[in-house]
Amino acid sequence: MRTARMTGGRTLPEGRRSSVTGRDATEQDATERGATIWLTGLPSAGKTTIAYELASRLGAEGHRVEVLDGDEIRAFLSAGLGFSRADRHANVQRIGFVAELLASNGVKALVPVIAPYADSREAVRERHRAGTGAYLEVHVATPVEVCSVRDVKGLYAKQAAGEISGLTGVDDPYEEPDSPDLRIESHQQSVQESAAALHALLTERGLA
């Protein structure tokens, strides 16, 4: 798990140095820095709930924030894609492109999307390395047993009844991140505590 700290800030234009100094300058820079925060995990792990909790906090601090909801992306940007490995990869790359575009323009893009395959997630990270936005991978590591009880969308019940197949983590693979920037065990803490842990990581990296 990466623990490197980003330090320093960009040089302020001459006209701003006299009025924005010290901690205020650091805070202003943080609100202007774009980043993609990708929350990966099983269905019903709590990814989207944590993302919106963090988005509310960041917005109140003056950050520009967008939540790229996986269901909304599926309905529009990725309409027509199925759930084969190739289609899942294409979906993740499309979302990664939009997230990197937002991040490169100073937006915090929160992406609560399963992204079950490690190579797909790594391709998104590489896109960000080649661009200007920071990229953080967060594993919401809720066990499948807990997720199946939560079953927010009724997917686990439908899979158990034989109504659907290819459910990530049950009868379709989920490759857990080996070294995420942060691992959150949301079943052992509140949504607020999970969002606070993620906010602390952003602060450590100079992004909040």
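1. In this predicted model, E204 is partly exposed, with a relative accessible area of 24%. Its salt-bridge partner R205 sits at a closest N to O distance of 3.5 Å. R205 is buried, at 8% relative accessible area, which is under the 20% cut-off.

2. E126 and R129 are 3 residues apart in helix α6, so about one helical turn separates them. E126 is partly exposed, with a relative accessible area of 38%.

3. Another salt bridge links R85 and D119, at 3.5 Å from N to O. R85 lies in helix α5 (residues 85–103) and D119 in helix α6 (residues 118–130), so the pair ties together parts that are 34 residues apart in sequence. R85 is partly exposed at 41% relative accessible area, and D119 is partly exposed at 42%. The count of salt bridges comes to 13.

4. Helix α9 covers residues 191–204; its 14 residues should span 20 Å at 1.5 Å a residue, and the end C-alpha atoms are 20 Å apart, which agrees. Its buried residues are S194, A195, L198, H199, L201 and L202. Seen down the axis of α9, these fall within an arc of 155°, so they line one face of the helix.

5. The cover over the buried residues of α9 includes β1 (35–40), α3 (47–60), β4 (134–140) and β5 (182–184). G206, which follows α9, has a positive phi, near 75°.

Definitions and conventions. Residues are numbered from 1 along each chain as its sequence is written. This is a predicted model: local features need pLDDT of at least 70, side-chain atom pairs count only at pLDDT 80 or more; totals for chains, interfaces and linings use all residues. Side-chain values use heavy atoms; hydrogens and water are left out. Helices (H or I, at least four residues) and strands (E, at least two) are DSSP runs, numbered from the N terminus. The expected span of a helix is 1.5 Å times one less than its number of residues. Buried means under 20% relative accessible area, exposed over 50%, partly exposed in between (1.4 Å probe, protein chains only). The arc is that of the directions from the helix axis to the C-beta atoms. Contact means heavy atoms within 4.5 Å. A salt bridge is a side-chain nitrogen of Lys or Arg within 4 Å of a carboxyl oxygen of Asp or Glu.
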